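Please keep the model open while reading.

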Amino acid sequence: MAVTDKIYVKNHRQVVSQLDVNFPKGAFSGATLDVLFGGGALEALDDATAERVLEFSKDFLDCDCQSNPYCGHPERKFVAYLLDLRAQGLTPESMVDVMSDDYMVYAYPGDLYGFLDDAVRTLDAVEDLAHVDGRNEAARRAATARDEIEGR
Ligand SMILES: [Zn+2]
């Protein structure tokens, strides 16, 4: 399961009751992207919620793909956001606080630890492969990204 399958809408029940439309708790579920982040929901929401929903849409759902929001870019942009928070030195616990402040979504720190471990393993593999192929620049980039995740 991708980490984006483990990102949840905060205050889900209140948001559902404000909208008067049900949608899943998973922030990247298709129905949530449509109902909550699709742009039609803002007027029904209180200001603080509407502001964060709008930020989420602007930051992750802003591509022009025909299949938006099902083109995969929202998930990829969110993963980049997580890696960027980590590169700033945040622990998974603080990453949860920041994403809640920024976008009113949350995750369980344990899932973020798992995600970061996987990312480190993937980058290790990328680095090894690049060395084998003699692609030194790619190997160096993978190593730098891994060091950022590991907080070196
Ligand atoms: Zn796209």
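The text below covers a predicted model.

**R86.** This arginine sits in helix 4, which spans residues 73-87. R86 is buried and has no salt bridge. The nearest side chain of opposite charge belongs to E93, 7.4 Å away. A salt bridge needs the charged atoms within 4 Å. The side chain of R86 does have a polar atom 2.6 Å from the backbone oxygen of I149. Beyond four places in sequence, R86 touches T91, P92, M95, L116, E148, I149 and E150.

**Helix 5.** Residues 92-103 form this helix of 12 residues. Helix 5 reaches 16 Å from its first C-alpha to its last, close to the 16 Å expected. Its buried residues are P92, M95, V96, M99, S100 and Y103. They lie on the same side of helix 5 because they cover an arc of only 135° around the axis. An α-helix has 3.6 residues a turn, so residues three or four places apart point the same way. The buried residues of helix 5 pack against helix 3, helix 4, strand 2 and helix 6. Just after helix 5, M104 takes a positive phi of about 60°.

**R135.** This residue lies in the loop between helix 6 and helix 7. R135 is partly exposed, with a relative accessible area of 40%. Leaving aside neighbours within four places, R135 is in contact with L129 and A130.

| Pair | Distance |
|---|---|
| R86 side chain to E93 side chain | 7.4 Å |
| R86 side-chain polar atom to I149 backbone oxygen | 2.6 Å |
| R135 side chain to D133 side chain, polar contact | 3.3 Å |
| R135 C-alpha to V35 C-alpha | 45 Å |

Notes:
Residues are numbered from 1 along each chain as its sequence is written. This is a predicted model: local features need pLDDT of at least 70, side-chain atom pairs count only at pLDDT 80 or more; totals for chains, interfaces and linings use all residues. Side-chain values use heavy atoms; hydrogens and water are left out. Helices (H or I, at least four residues) and strands (E, at least two) are DSSP runs, numbered from the N terminus. Buried means under 20% relative accessible area, exposed over 50%, partly exposed in between (1.4 Å probe, protein chains only). Lys and Arg count as positive and Asp and Glu as negative; His and the chain ends are not counted. A polar contact is a pair of N or O atoms within 3.5 Å; within protein, one must be able to donate a hydrogen and the other to accept it, and residues adjacent in sequence count only if both atoms are side-chain atoms. Contact means heavy atoms within 4.5 Å. The expected span of a helix is 1.5 Å times one less than its number of residues. The arc is that of the directions from the helix axis to the C-beta atoms.
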